[in-house]
Amino acid sequence: MRSLKMIDGCKGTQVYALNPTASGGGGAAGGGVGEKFLQHLQDHLRVNSIRSKSHRRYQSFSQTNNVNPSVLAEVLAIYGLPQSDLIEPQIDPSLKFVDFVGILADVHTKLENCPEFERSGVYMEQCAIFRGLPDPKLFRRCLRSARQHAVDVHSKVVLSAWLRFERREDELFGVSAMDCSGWSMECPKTSLVSGYNPESAHDICSCQNGLEKDGAMESDLQGQECSTSISYNDDDDEDDDYDMWFCIGDDEVKCNRYKIASLSRPFKSMLYGSFMESKKERIYFAQNGISAKAMRAAEVFSRIKSVDSFDPNVVFELLVLANRFCCDEMKSACDAYLAALVDDMDSAALLVEHGLEETAYLLVAACLQVFLRELPSSMHNPNVTRLFCSSEARERLASVGHASFLLYSFLSQIAMEEDIKSNTTVMLLERMGECATENWQKQLAFHQLGCVMLERKEFKDAQKWFEAAVEAGHVYSLVGVARAINKRGHKYKAYKMINSLISDYNPSGWMYQERSLYSSGKEKMMDLNTATEMDPTLSYPYKYRAVSMMEDDKIGASISEINKIIGFKVSPDCLELRAWFLISLEDYEGALTDVRALLTLDPQYMMFHGKLHGDQLVEILRHHVQQCNQADCWMQLYDRWSSVDDIGSLAVVHHMLANDPGKSLLRFRQSLLLLRLNCHKAAMRSLRMARNHAASEHERLIYEGWILYDTGYREEAIAKAEESISIQRSFEAFFLKAYVLSETTTDHESSFYVIQLLEDALRCPSDGLRKGQALSNLASIYVDVEKLDHAVDCYMNALNIKHTRAHQGLARVYHLKNLRKAAYDEMTKLIDKARYNASAYEKRSEYCDREMAKSDLSMATRLDPLRTYPYRYRAAVLMDDHKEAEAITELTKAIAFKPDLQLLHLRAAFHDSMGDYSATLRDCEAALCLDPKHTDTIELHQKAQKRADEQPK
């Protein structure tokens with residue numbers, strides 16, 4: 001098997017003939033395709049397997065435990081391995097820039113100088129810039145700021161719904177779309193109030209009190225028949241106030257001429273102008289389509305300026321009357337009244353058409369709010385998609401003030417996540433482009449349209465949209481133009497285009513990656529190696545090199561190559577590739593581990609080039625590994641957690657959840673592991689599932705607290721922990737409160753309180769995995785308050801229960817005690833025990849001489865190039881050696897693929913020391929775009945600005 005030339009098997013037409021339109025891994029394929037493909041594999045195995053002649057009964061593919069392992073490996077590898085010339089990198093659908101630091105600096109300056117009422121729009125531009133970054137916290141922070149500074153109702157409605165969607169509250173059991181979360185910024189009622197009030201955005205919402213008042217008012221009105229003939233004055237002499245009548249059919253509605261005239265200018269002209277009605281006491285009003293009941297309501301409104309006592313049907317008629325006779329005050333009152341009636345999908349669907357017909361701004365906003373807060377499920381409602389998708393629908397929304405780039409940007413994002421190839425996605429992106437006014441908006445809309453058309457294999461249209469994005473100023477879209485040109489058969493033209501791109505701009509890793517697609521042989525490998533050198537986070541070069549090695553029968557080398565990126569950037573496609581390599585080595589246990597891990601990242605992942613669900617491959621492989629019960633799995637989890645094997649731990653948890661899918665504790669552990677691997681989206685999904693499967697109220701509150709903390713609501717997270725403790729004292733509740741407090745407060749008094757909380761947590765029942773973490777955290781706080789002996793005791797206790805990471809904390813204590821050698825040795829123990837140990841090499845560098853430190857930091861960079869400390873250290877050493885240009889180059893190399901706050905601040909400081917104040921200001925502004933409250937950068941920026949102003953011009 002190991003000598004099998006994999007590429008020969010992959011070249012068979014059956015690999016792609018089964019579903020020639022199927023997408024790559026990760027796409028959602030229909031069940032029919034999967035079943036057909038599975039049948040095909042079953043037939044292949046049946047023909048090629050070594051079986052007893054008497055055993056001729058057809059077996060299910062999930063029961064292949066009597067299939068010869070070498071045959072299984074051959075079949076799976078042949079069908080699963082990709083060909084090197086058929087894999088290609090995905091085009092990033094987000095904005096991507098050739099000078100990202102310059103863009104960050106420009107948008108920060110723009111934000112600082114723009115009027116307050118325009119800040120929301122600039123924050124949305126920041127959102128578009130941050131969307132493509134791996135850390136979702138930057139995007140969410142800007143989204144909250146955009147909502148905080150929103151002025152009009154439309155923007156508030158869209159942004160509040162968007163914030164809710166980012167937390168995916170639609171996946172939480174028992175939570176209604178229109179529930180108030182408790183914060184003013186996201187309250188559905190507050191969103192319908194116009195005005196600029198950024199200070200109140202973080203206030204606790206008074207919605208609950210308002211609901212109680214509404215309930216009391218409703219109780220008072222119960223039993224009273226709503227009538228428009230209610231007398232609002234006690235004096236019988238008030239009849240003398242009426243001096244005219246509107247005659248509608250057989251009914252006469254008595255009115256006060258002056259008060260009716262005050263409703264609008266048309267009524268004033270009719271009753272006091274040159275019209276004949278001005279001289280009549282009885283005016284025939286039957287031809288206007290208004291009922292006598294509605295006219296009586298209009299008369300009442302002319303006196304009391306309220307519609308609250310009327311029936312909704314009457315208010316509808318009043319709205320029509322108000323529109324027809326330009327009664328602005330009455331229209332606003334009717335609009336607000338009807339908007340308050342909208343509280344679910346049914347009422348929104350019923351009222352939205354009336355709102356559009358009568359241009360009722362608030363009513364349409366209320367309906368829109370329901371549709372948006374019900375996303376993504378509402379996207380599958382044809383009545384909702386009809387409201388947004390066509391050009392005519394956009395024009396109708398625009399006539400009421402509810403068509404915007406913001407709205408269609410939100411809808412398009414969800415549509416692309418749901419199904420990037422759908423017609424709905426295309427139409428929403430087209431409407432988004434129609435709403436785009438600023439250059440960055442056009443760049444985003446046109447670029448995303450190009451990406452969608454490329455996925456749909458409509459290459460001519462893809463080229464058109466990418467070219468439009470380039471014309472709007474988005475240079476990265478040239479990648480899409482070249483890709484579309486190549487797909488249309490002009491490979492050399494695509495090569496020349498990317499070659500010009502590299503010549504015209506400061507080269508980036510993605511440029512060389514793209515050029516490699518249109519070259520071959522040594523030139524291709526040189527471009528891929530350059531791409532990795534300039535941007536080691538690009539996964540395609542690793543994948544291509546690994547597959548190429550596999551084609552040359554270098555299986556061990558191919559696994560080593562793909563391990564390089566999996567070591568610091570875990571993704572389903574790379575795990576899938578390694579699984580195929582391991583299958584070809586007949587290492588089914590390793591392959592099963594990777595498949596389980598990738599299904600944790602993406603439960604809907606499709607294997608075999610998008611033809612078979614990952615769960616089915618798990619069924620195939622699990623019969624070829626040793627079977628484990630739940631107790632065995634706990635032991636495995638303990639061992640893998642202790643050896644810092646996060647991928648292995650994920651696989652064990654996935655196996656345990658297959659046996660006990662409702663175990664919330666396991667879902668919570670899963671989320672912790674995913675966060676350690678920087679898989680934020682998957683981590684939050686696991687946390688939501690933990691919350692949904694919580695067995696008790698106090699447990700559910702804990703998981704809700706973690707969700708709040710991870711989405712930036714720290715005070716609310718503490719409140720959830722306290723509520724949980726009030727119900728039942730538990731390890732996780734105390735740990736949550738202690739963890740959040742330690743992140744938000746730094747004074748000694750707070751530290752002692754955190755110590756008390758962690759000690760309370762340790763007194764509660766829990767397992768060794770979590771207690772080890774609590775002991776380690778407790779020791780860290782002891783170090784902060786200078787109780788080093790207590791810290792040593794805690795770290796040693798953590799190590800006794802195999803919390804391996806405690807070696808790092810213990811090394812820190814030894815260092816503080818001037819036991820440098822002991823600290824170094826402690827970190828060496830961690831390096832030896834940990835499966836993933838880049839951070840251990842980094843920390844050990846602090847406890848040795850310069851040359852050994854440089855060696856450790858080089859290893860840390862090789863294992864995990866995303867760690868920024870090694871670059872900063874090397875740059876500082878170069879600066880000390882008066883090699884300023886080389887120091888700047890070292891930082892620039894890292895900033896090119898990770899624009900980190902600390903890296904930018906340090907480079908700004910270096911520029912400042914060299915007297916290059918314009919470069920200092922540029923880097924400071926870029927850093928402040930990432931963190932506007934970073935005090936050191938603010939001070940450096942102010943000093944540099946002062947020095948720049950003092951320079952002669």
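Helix axes here are lines fitted to C-alpha atoms over the stretch in contact, and the angle between two axes runs from 0 to 180 degrees between N-to-C directions. With that in hand, please keep in mind that this is a predicted model.

Helix H7 (residues 136–148) and helix H8 (residues 153–166) have axes that come within 9 Å and cross at roughly 155 degrees. Angles over 145 degrees count as roughly antiparallel, so H7 and H8 are roughly antiparallel to each other. The crossing of H7 past H8 is left-handed. On the H7 side the contact involves Phe139, Arg140, Leu143, Arg144, Ala146 and Arg147, while H8 brings Lys156, Leu159, Ser160, Trp162, Leu163 and Glu166. Sorted by class, this contact holds 6 nonpolar, 1 polar and 5 charged residues.

## Helices H21 and H22

Further along, helix H21 (residues 439–455) packs with helix H22 (residues 459–471) at an angle of about 160 degrees, their axes being 8 Å apart. H21 is therefore roughly antiparallel to H22, and H21 passes H22 in a left-handed crossing.

From H21, the residues that meet H22 are Gln443, Phe446, His447, Leu449, Gly450, Cys451, Met453 and Leu454. Their partners in H22 are Phe459, Asp461, Ala462, Trp465, Phe466, Ala468 and Ala469. This contact divides into 11 nonpolar, 3 polar and 1 charged.

How many disulfides does a search of the whole structure find? The count is 0. Take Cys142: the closest cysteine sulfur, in Cys127, is 5.0 Å from its own sulfur, which is too far for a bond. Cys142 counts as buried, because its relative accessibility is 1%.

Cys327 is likewise in no disulfide, with the nearest cysteine sulfur, that of Cys326, 7.4 Å away. At 0% relative accessibility, Cys327 also counts as buried.

## Backbone details in the loops

Most residues other than glycine have a negative phi, and most peptide bonds are trans. Against that background, a few loop residues deserve a look. Leu375 and Pro376 are joined by a cis peptide bond, with omega about 5 degrees. Pro376 sits in the loop between helix H16 (361–373) and helix H17 (382–388).

Lys305 has a positive phi, near 55 degrees, and belongs to the loop between helix H12 (292–304) and helix H13 (312–324). Lys305 counts as partly exposed, at 34% relative accessibility. Thr359 has a positive phi too, near 45 degrees, and is found in the loop between helix H15 (345–357) and H16. With 32% relative accessibility, Thr359 counts as partly exposed.

Terms used
Residues numbered from 1 in each chain as written. Predicted model: local features only at pLDDT ≥ 70, side-chain atom pairs only at ≥ 80, totals over all residues. Heavy atoms only, no water. Helix = DSSP H or I, 4+ residues; strand = E, 2+ residues; numbered from the N terminus. Parallel < 35°, antiparallel > 145°, perpendicular 65-115°, else oblique. Left-handed = near helix turned anticlockwise from the far one by under 90°. Contact = heavy atoms within 4.5 Å. Nonpolar A, V, L, I, M, F, W, Y, C, P; charged D, E, K, R; others polar. Disulfide = S-S within 2.5 Å. Buried < 20%, exposed > 50% of the residue type's maximum accessible area, 1.4 Å probe, protein only.
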